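This report covers salt bridges, a helix pair and a surface patch. The coordinates come first.

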Amino acid sequence: MVIGVIVGTLLGALPGFGAAQALALMFPFTFAMEPISGVLFFISIYAAAEYGGSIPAILIRTPGTTAAAITVLDGFPMARKGLAGRALKISLYTGVFGSLFSSFAFLFGSSGLAWVGLQFGPTEMFAVGVFGLAIIGSFFGSDPIKGFIATGIGLFLATIGSSGFSGTRFTFGQAALLDGMPLIVIIIGIMAMPEAFRLMMARKGEDPELDKTLNQSAEGNHVGWRDMRTLMPTMWRGTIVGTLIGAIPGPGATVASLVAYNEEKRWSKHPPEAFGTGLDEGVAAPETANNAIVAGSLIPSLALGIPGSGAIAILLGLLISRGIVPGPLLFSQGGPLVMSVFIGLIASALLMLVVGIAGIRAFVQVARIPRYILAPFVMITLIIGTYSYQNYSAHVVMALVIGAGAYWLEKLRVPLIPIVLAFVMGPIVEANLNRAMVINGGDLQAMLLRPLALGILVLALVTAILSFKRSRSGKTAAA
């Protein structure tokens, strides 16, 4: 488990190298392990990879995982203020909190939360996807119009390649686009490449924020019990959101982080416009949620045999390869394994705390490197990471072109986060719409009038309308 936490943290910190890729890479090492040892090894990697993704997100504005894209919003501004150590500590402590308390929810609420997951069929998941898109467009950036434009760009990129409704779309005769754009290419192109371009253009003496970054003041970077007590409501909200969304097969850590950040903006004592400037709550909310989802996602996976994400699918593959069949009987007949999973979740969270505290000092040193020196290393890392995904040079070209477009969009003050999140949500929306239409015989009205789906869609509409009203009232007040 110690090795798993270290490996998971390091692999999670690599741009575009998420939990699923880390587990796939480590799968061969489980062949020589006992079933319980292999499961504990995988749980440790999975939990640590979700935390590791926040490290480059905070330090160099390059999320290691899609869920960490939300952490960029407040984590990176904190680092530029000389508070990189504080952001990393908050990310670690709140992530451990989310992992611990969602683990107890896993033990005591597995059957009930598994029932919640069963209520979400394709129609409801389509509605959840639409609700996610409404949140993405409404709450990122100063102007909802630009937010929805960015969301539309992300959805367009998600439609490139093969269609679930048959045929291919927007390939423009390019064979490299037949399979669409990989998520890793989008993450690196949208989130990391613009920052790499800025680093490449920075020269010595031309970085007014560098002095602040270099001044990692001990006082500002200290996180004590008083700070954690202040963040307690945020952590509880994030834990509840992460556990509940984890119990629904499909959405994953990205949706959990997004919803938790949105709810924090709604309930926080700070005004919504303060988020994105480097608030403690802006780091705590998504990090608590995306770590809480680890235990939450195990509930439908072990109780129902339904993998909620690529990482969980690999974990289920490990269990099945060892003759362990997930399902309702596992909780009544597989006592030792279920208890070992619970103990493993607790132990991995505590080990993550130890490894994280030991590594924070080393991580913070990245923020001290002048940008003009850091630039070539960041660019080379991004190119190698993009190429190594499938050893395909076309992916590097895609990332560079998308990065140039993202850099230009930033100049127009179009937020980039919605593009990545909409790209993640697009396949969820389309695939579930396709399944729901097949199940309902193509009757769209019967599909959309299901009570739970209808309620979620109404909530999505209300969210979008309120965002435009809030934006208009803010502009009126400013005038």
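## Salt bridges

Arg86 and Asp227 meet through their side chains in a salt bridge, 3.1 Å from N to O. Here a salt bridge means a side-chain nitrogen of Lys or Arg within 4 Å of a carboxyl oxygen of Asp or Glu. Arg86 lies in helix 6 (residues 84-118) and Asp227 in helix 12 (residues 225-230), so the pair ties together parts 141 residues apart in sequence. Helices are DSSP runs (H or I, at least four residues), numbered from the N terminus. Arg86 is buried at 10% relative accessibility; Asp227 is partly exposed at 22%. Buried means under 20% relative accessible area, exposed over 50%, partly exposed in between (1.4 Å probe, protein chains only).

The model is predicted: local features need pLDDT of at least 70, side-chain atom pairs count only at pLDDT 80 or more, and totals for chains, interfaces and linings use all residues. Residues are numbered from 1 along each chain as its sequence is written, and side-chain values use heavy atoms, leaving out hydrogens and water.

Glu263 and Arg266 also form a salt bridge (3.2 Å, N to O). They sit three residues apart in helix 14, so about one helical turn separates them. Salt bridges with shared partners join Arg86, Asp227 and Asp280 into one network.

## Helix packing

Helix 1 (residues 2-13) packs against helix 3 (residues 35-52) at about 35°, with axes 7 Å apart. Axes are lines fitted to C-alpha atoms, for helices over the stretch in contact; angles run from 0 to 180 degrees between N-to-C directions.

Leu454 belongs to helix 23 (residues 451-478). Leu454 is partly exposed, at 36% relative accessible area.

Definitions and conventions
Helices (H or I, at least four residues) and strands (E, at least two) are DSSP runs, numbered from the N terminus.
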